[in-house]
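The following questions ask what lies behind some of the terms used for this chain.

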Amino acid sequence: MNFNTVSVVGLGYIGLPTAAVIASNGIRVVGVDVNQHAVDTINQGKIHIVEPGLEELVKQAVADGHLSAHSTPQKADAFLIAVPTPFKGEQHEPDLKYIETASRALAPILEKGNLVVLESTSPVGATEQMAKWLAEERRDLTFPHTVAEGQIPDIFVAHCPERVLPGQVIRELVENDRIIGGMDAASTEAASQVYKMFVKKGECIATDARTAEMSKLTENAFRDVNIAFANELSLICDKQGINVWELISLANRHPRVNILQPGCGVGGHCIAVDPWFIVNQNPDAAKIIHQARLINDYKPHYVVEKVERAVAGLANPKIACLGLAFKPDIDDLRESPALDITKTLANNSAYQILAVEPNIETLPLALENRNNVALSTLSDVLQQADVIVILVKHKQFLGMTKHDTRSRKILDFVNAIQ
Ligand code: SAJ
């Protein structure tokens with residue numbers, strides 16, 4: 001099998017770094033995105049997101065002609081689909097509309113011998129569903145589910161979940177082990193060939209598509225459950241008058257204990273979403289996973305209550321909210337508990353909110369056009385605020401001491417203050 005051209009569909013936080021890393025290995029990459037601004041930016045050798053090391057890689061790959069971005073599907077030997085998979089409704093049902101749109105859009109240009117890989121984190125069965133959408137559009141081609149077992153289909157289909165950590169994406173794309181879950185053995189083989197072209201340090205491990213889907217969900221549910229444990233401890237310690245940070249560092253001195261850090265909630269589009277896919281498909285069995293979601297989702301409400309109590313009795317208090325991103329040292333505000341907390345506090349018109357987010361230049365839509373919210377600098381709020389609320393452990397906030405601020409009220413939910 002020859003995979004000379006790879007099309008990456010969806011040029012966001014996962015797709016663009018993946019496209020750039022593949023292109024930096026001398027492989028022709030045609031990226032596709034519905035966002036014209038993203039397409040134009042990439043074709044100028046620039047990026048529309050923040051990720052360390054990405055801009056240099058994109059600039060080089062575009063300049064040497066290995067990477068180009070397009071707003072319509074482009075012919076290729078392999079297609080990697082990296083589009084969002086959010087959930088919808090009260091039951092947190094997975095919403096596969098972006099996968100459906102992307103796969104139906106690329107179906108007309110598929111040719112015999114092509115490989116289609118779903119990279120987006122998906123509920124169990126999503127890859128089979130994607131193959132069905134492709135087959136509906138292309139009755140002239142065979143797919144793994146339309147041929148007898150052991151027969152080679154015209155189109156190979158696999159699930160290879162992305163596992164990279166925002167902030168370390170470029171390194172992890174090359175170093176992390178990859179799970180390669182084909183719908184059949186031939187698809188696993190084809191997908192392994194593609195991933196081995198750029199996964200240089202990590203291993204490509206073969207399995208089937210359903211196990212690959214569940215593996216990705218399991219990894220993120222594992223982390224969610226462990227963060228929920230830390231968040232639950234923070235609530236217990238608050239009641240018991242114990243410093244949770246000291247407690248965790250002491251408990252972690254045990255050779256087989258490794259507790260994660262409490263925070264203001266769990267955000268992002270992965271950890272706070274993916275466990276719901278397991279719960280939605282297994283409502284009776286997934287008890288711990290469900291409870292962890294509820295604990296982590298409760299934490300922002302608890303933070304808001306703590307702030308409200310801290311400013312009770314102050315007329316028009318100035319509240320500094322330090323950090324809006326969903327985790328330290330990134331600009332990504334999607335599903336951010338810090339942003340939600342700031343927004344909820346801003347709903348009280350008696351509060352003056354001074355938001356400090358060193359990774360953005362303008363206030364996000366959620367906080368725009370509100371008279372009582374301003375984007376401020378750390379040095380300004382240290383002088384002005386009545387209460388300092390630290391929501392994200394950005395590097396700019398580390399090393400501060402209680403003496404750096406005129407405010408005597410500091411609510412540090414991330415252990416930034418020394
Ligand atoms: N968080 C805590 N306490 C901690 C660690 C994290 O409260 O001790 C919070 C963060 O502040 C953030 C949220 O959890 O709000 C998620 O952050 P994260 O750094 O744990 O994870 P993500 O969402 O950036 O990336 C995760 C990673 N998954 C795992 O570590 C198992 C990454 O490898 C996945 O590729 C990514 O999800 C994804 O795309 O699914």
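Contact here means heavy atoms within 4.5 Å. The model is predicted, so that local features need pLDDT of at least 70 and side-chain atom pairs count only at pLDDT 80 or more, while totals for chains, interfaces and linings use all residues. Residues are numbered from 1 along each chain as its sequence is written, and side-chain values use heavy atoms, with hydrogens and water left out.

Q: How many residues of domain 1 and domain 2 are in contact?
A: By the definition of contact, 15 residues of domain 1 meet 12 residues of domain 2; the bounds, 5–202 for domain 1 and 242–412 for domain 2, come from an automatic or database domain assignment.

Q: What is the count of salt bridges between domain 1 and domain 2?
A: A salt bridge requires a side-chain nitrogen of Lys or Arg within 4 Å of a carboxyl oxygen of Asp or Glu, and the count between the two domains is zero.

Q: Why is one side of β3 and of β10 left without a neighbour in the sheet?
A: Strands are DSSP runs (E, at least two residues), numbered from the N terminus, and two of them pair if DSSP finds at least two bridges between them. In the open sheet of eight strands, ordered β3-β2-β1-β4-β7-β8-β9-β10, β3 (67–70) and β10 (204–208) each have a single partner strand, and therefore stand at the edges.

Conventions:
Helix = DSSP H or I, 4+ residues; strand = E, 2+ residues; numbered from the N terminus.
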